[in-house]
Amino acid sequence: MSPPIFFMAPGAPTPVAPFSHAVEADGWCFVTGQMPTFPEDDSRPLPPDIEGQTVRVMENLKIVLAGLKLGLEHVVCVRIYITDFEVNYPRMNAVYAGYFPADRRPARTCIGVTGLARGAMVEIDLLARR
């Protein structure tokens, strides 16, 4: 096994805790859960609804993947954490589904949680393969 590469993506949001944006080992890229923060202004308020937050999270994930010279087509597994599961789950899914072709959707787990950093409604991490 080659040593892991710890990666901070240029232009990606400021981390909300002490972590790397991604870690790569033997072609597997573990992308840290992204929040619905804005890369250009960390102090800007989060989008007010689950749809806007899901878009922002997915766009942040795309920034990190692009820094690794990868894209959503390389994603093999996704974990989604959402608050207020009963209300937010169908609305998040409606946005999320637009990011992957119906015949190439990654494996996925969605977990309802009581709270997320920065008061967010959604956080998504993923695993990609080079």
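Modeller: A salt bridge joins the side chains of Glu24 and Arg130, with 2.8 Å from N to O. Please bear in mind throughout that this is a predicted model.

Colleague: Which parts does the pair of Glu24 and Arg130 tie together, and how many residues apart in sequence are they?

Modeller: Glu24 belongs to strand β2, residues 22-25, whereas Arg130 is in the segment after β6. The pair therefore ties together parts whose separation in sequence is 106 residues.

Colleague: Is Glu24 buried or exposed?

Modeller: The limit for a buried residue is a relative accessible area under 20%. Glu24 has 13% relative accessibility and so counts as buried.

Colleague: How many salt bridges does a search of the whole structure find?

Modeller: The pair Glu24 and Arg130 forms a salt bridge, and Arg44 forms one with Glu40, where the closest N and O atoms are 3.2 Å apart. For the whole structure, the search gives a total of 6.

Colleague: Which helices hold Glu51 and Arg91?

Modeller: Glu51 and Arg91 form a salt bridge whose closest N and O atoms are 2.8 Å apart. The two residues lie in separate helices, so the pair ties together parts 40 residues apart in sequence. Glu51 counts as partly exposed because its relative accessibility is 27%, and Arg91 likewise counts as partly exposed, at 33%. The helices are α1 for Glu51 and, for Arg91, α2 (residues 85-96).

Colleague: Which residues does Val57 touch, if those up to four places away in sequence are not counted?

Modeller: Val57 is part of helix α1, residues 50-67. With 0% relative accessibility, Val57 counts as buried. Beyond its sequence neighbours, the residues touched by Val57 are Gln34, Met35, Pro36, Val122 and Ile124.

Colleague: Which strand gives the most to the lining of the largest pocket?

Modeller: The largest pocket holds about 150 Å³ of space, and its lining includes Phe30, Cys77 and Asp125. At least two lining residues come from each of β3, β4 (75-82) and β6 (122-129). The strand that gives the most, with 4 residues, is β3.

Colleague: What is the volume of the largest cavity?

Modeller: The structure holds 1 cavity of 30 Å³ or more. Among the residues that line the largest cavity are Pro13, Phe19, His21, Met35 and Asn60. Its volume is about 60 Å³.

Colleague: Where does Asp26 lie, and with which residues is it in contact, leaving aside neighbours within four places in sequence?

Modeller: Asp26 is placed in the loop between β2 and β3. At 38% relative accessibility, it counts as partly exposed. Asp26 and Ile5, 21 residues apart in sequence, have C-alpha atoms 9.4 Å apart. Leaving aside those neighbours, the contacts of Asp26 are Met1, Ser2 and Arg129.

Colleague: What is the phi of Asp84?

Modeller: Most residues other than glycine have a negative phi. Asp84 is not a glycine, yet its phi is positive. Asp84 lies in the loop between β4 and α2 and, at 47% relative accessibility, counts as partly exposed. The phi of Asp84 is about 45°.

Colleague: Where does Arg118 lie, and what is its phi?

Modeller: Arg118 is found in the loop between β5 (107-112) and β6. With a relative accessible area of 40%, Arg118 is partly exposed. Arg118 is a residue other than glycine with a positive phi, near 65°.

Conventions:
Residues are numbered from 1 along each chain as its sequence is written. This is a predicted model: local features need pLDDT of at least 70, side-chain atom pairs count only at pLDDT 80 or more; totals for chains, interfaces and linings use all residues. Side-chain values use heavy atoms; hydrogens and water are left out. Buried means under 20% relative accessible area, exposed over 50%, partly exposed in between (1.4 Å probe, protein chains only). Contact means heavy atoms within 4.5 Å. On a 1 Å grid over the protein atoms alone, a cavity is a set of points where a 1.4 Å probe fits but cannot get out, and a pocket is an open set with protein on both sides within 12 Å along at least five of seven lines; lining residues have an atom within 4 Å of a point. Grid points are joined across faces, edges and corners, and a volume is the space filled by probe spheres set on the points. A salt bridge is a side-chain nitrogen of Lys or Arg within 4 Å of a carboxyl oxygen of Asp or Glu.
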